[in-house]
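Me: I have not looked at this structure before. Could you take me through it step by step?

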Amino acid sequence: MSWNWQAIITYFPELLKSSVTTIELVFLSCVFGLIFGVILGLLRLAKNPLIKALPFAYIFFFRGTPLLVQIFLIYYGLGQFDFMQNSALWDPVFSQPYWCAIIAFTLNTSAYIAEIVRGAIGSIPKGELEAADTIGMSHRQKLRRIVLPRAFGIMLPAYSNEVIFMLKGSALAATITVVDLTYTAKGIMAKTYLPLEIYFAAGVIYLIISWVILFGFRLFERSINKHKRYTPPTLVIPK
Amino acid sequence: MFDLQGYGPLLLQGTIVTIKLAIVSLLFGLTFGLLGATAKLSNIWLLRKIADVYTTIVRGIPELLMVFFIYFGGSVIIAAIAEQFGYFGRIDISHFWSGVAALSIMFGAYATEVFRMAIEEIPQGQWESAQSLGMRPFQTFWRIILPQMWVVALPGLGNLFLVLLKDTALVSIIGLKDLMYYSTRAVTSTQQPFTFYLAAALIYLCLTIVITISMGWCEWRANPAARYAKRLTSSKRGQS
């Protein structure tokens with residue numbers, strides 16, 4: 001066995017090009033997932049047991065089953081129903097592997113994000129919420145001005161982890177023929193039969209993407225949690 | 001009830017393979033995790049670096065890529081080794097064991113971090129008092145640190161085991177005849193994808209519930225202090 005650097009150099013541009021699809025998948029599903037996840041997380045905290053039960057069942061299902069099953073359920077499974085095949089959305093959305101992957105990832109990641117949101121809201125110091133009540137903020141004002149911004153700062157590290165998990169999960173899109181990084185790597189592998197080199201190159205690209213994501217989040221975290229590093233200037237009393 | 005047009009028993013058969021795969025990978029993964037944590041906390045610079053590289057790489061690349069790498073790459077490596085010994089035939093590596101390799105390496109990387117944090121949680125005084133009793137480092141680790149560490153590590157490990165269970169589905173892509181594989185086969189012959197993938201999802205959900213419950217029991221077993229406290233409070237309540 002000899003390590004074939006030439007193959008890596010030859011196919012690297014092709015891999016890089018397909019990694020754009022991977023980044024697109026991760027970005028879109030994380031944005032949609034965040035919106036959906038925050039709504040779910042808030043519903044999960046509702047007092048009404050009936051409203052609480054639905055997000056609970058949703059979160060339980062999507063966190064308890066493999067992502068692969070969820071992708072297959074959406075991409076292959078929905079075609080079983082005639083009304084899906086006859087609907088207007090069938091051609092542009094539900095028959096496209098790309099959109100099916102995004103839907104599956106969004107549903108999956110939003111279940112995890114909902115739990116993160118719930119945890120973050122739970123760990124906001126009680127005093128801050130009481131202070132908001134004291135000033136006389138309405139429930140909605142309190143949510144918009146105190147709860148959500150505070151929870152966002154708290155959940156950011158956990159959310160960055162979730163984005164990395166989504167990046168890793170996005171490789172599963174290859175199983176429903178989305179031409180992403182893993183799919184391209186597998187295709188090149190079948191052509192050249194150099195599994196070690198090609199998967200090594202693909203792995204390096206994934207690592208770089210995840211490092212960039214982590215680095216970006218760290219910068220963002222520094223700026224959003226600025227108040228934590230702020231030390232009030234010491235008062236110097238002139239003699 | 002569980003017939004599914006005759007495919008029920010086949011799915012159950014696949015479920016057993018999934019459970020086997022998960023448990024064998026768990027055992028190997030725990031070993032990797034313990035080794036990794038020991039390496040990370042050791043005084044030797046090289047071991048620390050190796051463990052760092054291991055956890056960084058494994059946690060940054062997708063599970064599916066890992067499975068492909070081990071399955072396709074593993075056969076190339078083994079063929080290369082066999083060539084050194086003068087064997088030029090075709091070599092197939094087992095789906096099951098390449099699945100175990102991939103899953104346990106991935107589990108091990110995350111478990112390394114869990115174990116490391118759990119060991120660091122244990123006060124330094126425990127090590128020192130064991131040393132003053134004349135225990136060797138390994139004895140200290142085995143008798144003093146490990147039993148206490150489980151209490152801290154178990155919740156994290158339970159979550160990792162759930163992730164492991166869900167990742168077993170990936171091994172069906174390289175052709176292991178597990179639950180996912182048989183569901184796909186049932187789908188191709190009955191043309192009812194939603195039914196069978198939903199059935200598979202529900203089976204995975206059942207396994208998740210079983211694992212969650214048994215992890216709760218393990219946490220209870222591993223924490224004698226909590227058990228004692230419970231007994232104390234309940235007996236007090238009985239007296240009054």
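**A first look**

Reply: Please note at the outset that this is a predicted model. One place to begin is A:Arg118, which is partly exposed, with a relative accessible area of 31%.

Me: What does A:Arg118 form a salt bridge with?

Reply: The partner is A:Glu115, and the closest N and O atoms of the pair are 3.3 Å apart. Both residues lie in helix H6 of chain A, three residues apart, about one turn of the helix.

Me: And is A:Glu115 buried or exposed?

Reply: A:Glu115 counts as buried, because its relative accessibility is 18% and the cut-off for buried is under 20%.

Me: Why does a spacing of three places matter in a helix?

Reply: An α-helix has 3.6 residues a turn, so residues three or four places apart point the same way.

Me: Which residue does B:Arg116 pair with in chain B?

Reply: B:Arg116 forms a salt bridge with B:Glu113, with the closest N and O atoms 2.9 Å apart. These two residues are in helix H4 (residues 95-121) of chain B, again three residues apart. B:Glu113 is buried, at a relative accessible area of 11%.

Me: Which residues are linked with them in a network?

Reply: The network of salt bridges links B:Lys40, B:Lys49, B:Asp52, B:Glu113, B:Arg116 and B:Glu120.

Me: How many salt bridges are there over all chains?

Reply: A search of the whole structure finds 10. Among them is the one between A:Asp133 and A:Lys142, at 3.4 Å from N to O. In that pair A:Asp133 is partly exposed, at 43% relative accessibility, whereas A:Lys142 is buried, at 14%.

Me: Changing topic: how many residues of each chain are in contact with the other chain?

Reply: In chain A there are 38 residues in contact with 37 residues of chain B. The area buried between the two chains is about 3,300 Å², and carbon and sulfur atoms give 81% of that area. On the chain A side, A:Gln80, A:Lys168 and A:Tyr199 supply 19% of the area buried against chain B, more than any other three residues.

Me: What about polar links between chain A and chain B?

Reply: Seven residue pairs are in polar contact between chain A and chain B, both residues being at pLDDT 80 or more. The count of salt bridges between these chains is one. B:Glu63 and A:Lys168 meet in a salt bridge, at 3.9 Å from N to O.

Me: Which elements of chain A give two or more residues to the side that touches chain B?

Reply: They are H2, H3, H8, H9 and helix H10 (195-224) of chain A. The largest share, 10 residues, comes from H10(A).

Me: Tell me about H2(A), then. What do its buried residues pack against?

Reply: In chain A they pack against helix H1 (5-44), helix H3 (67-75) and helix H6 (97-122), and in chain B against helix H6 (137-167) and helix H8 (193-222). The buried residues of H2(A) are A:Pro55, A:Tyr58, A:Ile59, A:Phe61, A:Phe62 and A:Gly64.

Me: How does the span of that helix compare with what it should be?

Reply: Helix H2 of chain A has 16 residues (49-64), which should span 22 Å at 1.5 Å a residue. Its end C-alpha atoms are 22 Å apart, which agrees. The N-terminal end of H2(A) is capped by A:Asn48, whose side-chain oxygen lies 3.0 Å from the backbone nitrogen of A:Leu50.

Me: Where is A:Thr106, and what is it in contact with?

Reply: A:Thr106 is in helix H6 of chain A and is buried, at a relative accessible area of 9%. Leaving aside neighbours within four places in sequence, A:Thr106 is in contact with A:Ser29, A:Phe32 and A:Gly33.

Me: How many residues does the largest nonpolar core have?

Reply: That core has 134 residues, and those with the most contacts inside it are A:Ile71, A:Phe105, B:Phe107, B:Phe115, B:Leu157 and B:Met180. Beyond four places in sequence, the contacts of B:Phe107 include B:Leu26, B:Leu30, B:Leu157 and B:Phe161.

Technical notes: Residues are numbered from 1 along each chain as its sequence is written. Chains are lettered from A and ligands numbered from 1 in the order in which they are written. This is a predicted model: local features need pLDDT of at least 70, side-chain atom pairs count only at pLDDT 80 or more; totals for chains, interfaces and linings use all residues. Side-chain values use heavy atoms; hydrogens and water are left out. A nonpolar core is a set of buried Ala, Val, Leu, Ile, Met, Phe, Trp, Tyr and Cys residues joined through side-chain atoms within 4.5 Å. Buried means under 20% relative accessible area, exposed over 50%, partly exposed in between (1.4 Å probe, protein chains only). Contact means heavy atoms within 4.5 Å. Helices (H or I, at least four residues) and strands (E, at least two) are DSSP runs, numbered from the N terminus. The expected span of a helix is 1.5 Å times one less than its number of residues. A polar contact is a pair of N or O atoms within 3.5 Å; within protein, one must be able to donate a hydrogen and the other to accept it, and residues adjacent in sequence count only if both atoms are side-chain atoms. A salt bridge is a side-chain nitrogen of Lys or Arg within 4 Å of a carboxyl oxygen of Asp or Glu. Buried area is the accessible area (1.4 Å probe) that two parts lose on being put together, summed over both.
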